[in-house]
Amino acid sequence: MFETAVVIETVVKAVIVVAVVAGMAGFATFIERKVLAFMQRRLGPMHVGPYGLLQLAADGIKLFTKEDIVPQNAVKPIFMIAPVIAAVTAFVAMAAVPYFPEFTLFGYTIHPIISDINVALLYVMGVASVGIYGPLLAGMSSSNKWSLLGAARAVVQMLSFEVVSGLSVLAPIMMIGSLSLIDINDYQNGGVISWLVWKQPLAFILFAIAGFMETNRAPFDTIEFEAEVVAGYATEYSGMRWGLFFIGEYANMITISVLVSIIFMGGYNPIWFIPGAVAMLLKVSLWIFLFLWVRAAWPHIRPDQLMWVCWKVLMPLAVVNILITGFVLI
Amino acid sequence: MFEIIAFYIFAALTIGMFGIVVMSRNALYSMSALAGGMIFISGFFFILDAEFLGVVQIVVYSGAIMALYAFGMMFFDTTRDVSEKMRSKKIAYTLSVISAILVVTILCAPLVSENIQASYPSIDNVGNVQMIGLILFTKYLVPFELAAIMLLVAMISGIVLASKRMDEYLTIEDDELEDAKEGK
C-alpha cells in the first residue's frame, strides 16, 4: 500500500512540475520580449490584451494550429522525435531538483522534490546535456545544409561546455562532500555570508558561463544564429514541433537558474526576514533576468572562439581552481 | 511490484533499441538507437539503487555517442541508407549466433550453479559515491591508476596528432597563415 502511495505522490508532483514549468517557460518568452524591448527603448508587444499580456495566448494558438510540415527528404521518425527529446530531457532533469523547503499541508509533510537521489547534481547535469541531442538529431535528419551546420555546431558546443561545467562544479562538491542538492543547500544555511559564491567565486563564474552555453543563450547561441546559419537546426521546423524546442530551451534556463541558486547562492535558506521559498523565487527570477540582460548586452561569438575560450581559458582555470581547493582542504 | 514492471519495460526497450542498431541500414537510425539503448541501460542501475553508476552511464555514453555522430556527419550522408557488402551471409550469421550463445552461457553459468557471492557487500548508511570511492582507492587502486596513465597517454598522443597549427584560429585561410609566418 505504502509503495502505491509513493508512486501516486510522485506522479502528482511530476504533473505539477511539468505544468508549472511549461507555463513559466511560455511566460518567459513574453518577459523576454518585454525586457529586450525595455533595454532597446521600445514598447514590445502591446496590442493583445493589457500591456500585451494576452500575446502569450495568441502565440500559443498560432503554434498549435499551424500546419505540421515534414520535409520530403527528411528522415521522418527522427525528424519528428527530435523536438520531443529536447523538451522531455529538460523536464526529466528537473526530477532531482528541490525547489522549496519542505512544508506541511493538511498534516502531511511535503518535500518539493520528485526524487531525492544522492547523486542529484550529477544527474541533473547529465540529463540536461543529453538535451543537446534534440538539436543534433533535428539538424542531421532535416537534410538541409543549414540544419546540418547547426547540428555540427551543437556537437562542438556540447563537447566543449561539458568539460567546463563538470570541472567547475567539482570544487564546491569537494568542499561539501556530497552530490545531493539538499546537502548542498543545507551546507549554506548560515545566512548570506555562508553562500558558496564567496568561497568559490571562480567556480561560480565558470559554471554560469557553461550554463549559458548549455541553454544556447546569447552570446553562445551559435547553433541557431540567424546571421550565420539561418535558423540552424530549427530551419525546417514549424508549428508545435518548433515550439517544443523553445519550451525545452526555456525549461533548461529555469533548471540552470535553480541549480546556480542552490549551489552558489544559498538555495532555499531563508534570508533575514524573507522566507526560503520567496528567496528561491527571487534568485531564480534574478537569473532569468540576467539571461535576458546578457542577450541584450553582448554580441554573438563565433564557434571557433567558443572552442578557444572553453578549452584554452575556462578549462585550465577550472583545473587550477580544483588544485587550489584541494590544497586548501588538505 | 513496480520494480518488476520497470525492469521488463526497460529490458524490452533496451533489446529493441540494440536490435535496431544491428538491423538498420541507416546510420542515423543506428546511432540514435545506440544512444537510446545506452540511456535505457542506466534504468537498470537506477532500479538496483546504484544511482551513481546509472548517471555515469548516461553522462559517459551520451558524450561518446555524440563523438560518433560527429564522425557519421563527416563520412556519410546520414539521411541515405548505407549499402552493405556481405560476402557470405552464412558465415556472418553462424559466427554471430555462436558468439551470442557463448556470451549468454558465460554470464549464466554462475547463476545456474548458484555460486555468486559479493566479495565486497554494500555497507549500510554509506552513499553510492562513497562506496565506489572506497573500492576504487583500496582494492582497485593499481588498475585505477594504470587506467589513468593510459588515458593520459591517449590524450597526449591525441593532442600531438591534432596539434598542427593549434595556436591559430581555424578560420584563417592557408595563404594568410603563410603570410603571417613570413611576417608580412
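Q: How many helices and strands does chain A have?
A: Helices and strands are read as DSSP runs, numbered from the N terminus (helices are H or I, at least four residues; strands are E, at least two). Chain A has 13 helices and two strands. This is a predicted model, in which local features need pLDDT of at least 70 and side-chain atom pairs count only at pLDDT 80 or more, while totals for chains, interfaces and linings use all residues. Residues are numbered from 1 along each chain as its sequence is written, and chains are lettered from A and ligands numbered from 1 in the order in which they are written.

Q: What is the radius of gyration of chain A, and what would a compact globule have?
A: The radius of gyration is taken over C-alpha atoms, and the globule rule is 2.2 Å times the number of residues to the power 0.38. For 330 residues the rule gives a value near 20 Å, and chain A agrees because its own value is 20 Å. The C-alpha trace of chain A spans about 60 × 50 × 50 Å along its principal axes.

Q: What share of the residues in chain A is buried?
A: A residue is buried if 20 or more other C-beta atoms, placed from the backbone, lie within 10 Å of its own, exposed if 12 or fewer, and partly exposed in between. In chain A, 45% of the 330 residues count as buried. In chain B, buried residues make up 16% of 184.

Q: Where is A:Val197 found, and which residues is A:Val197 in contact with, leaving aside its neighbours within four places in sequence?
A: A:Val197 is found in helix α8 (residues 196-199) of chain A. A:Val197 counts as partly exposed because 17 C-beta neighbours lie inside 10 Å. Two residues are in contact if their C-beta atoms, placed from the backbone, lie within 7 Å. With those sequence neighbours left aside, A:Val197 is in contact with A:Phe204, A:Phe264 and A:Met265. A:Met265 is 68 residues from A:Val197 along the chain, yet their C-alpha atoms are separated by 6.2 Å.

Q: How do α6(A) and α13(A) cross?
A: Two packed helices are described by the angle between their axes and the distance between the axes. Here the axes of helix α6 (residues 145-176) of chain A and helix α13 (residues 303-329) of chain A come within 9 Å and cross at roughly 15°. The two helices are therefore roughly parallel to each other (angles under 35 degrees count as roughly parallel, over 145 as roughly antiparallel, 65 to 115 as roughly perpendicular and the rest as oblique). The residues of this contact divide into 20 nonpolar, six polar and one charged.

Q: At what angle do the axes of α6(A) and helix α3 of chain B cross?
A: These axes, of α6(A) and helix α3 (residues 51-75) of chain B, come within 10 Å and cross at roughly 150°. That makes α6(A) roughly antiparallel to α3(B). Residues of α6(A) including A:Ala151, A:Val155 and A:Glu162 meet residues of α3(B), among them B:Gly63, B:Met66 and B:Tyr69.

Q: How many residues does the contact take from each chain?
A: The contact takes 26 residues from chain B and 28 residues from chain A. On the side of chain B, the largest share, eleven residues, comes from α3(B).

Key. Axes fitted to C-alpha atoms, helices over the stretch in contact; angles between N-to-C directions. Nonpolar A, V, L, I, M, F, W, Y, C, P; charged D, E, K, R; others polar.
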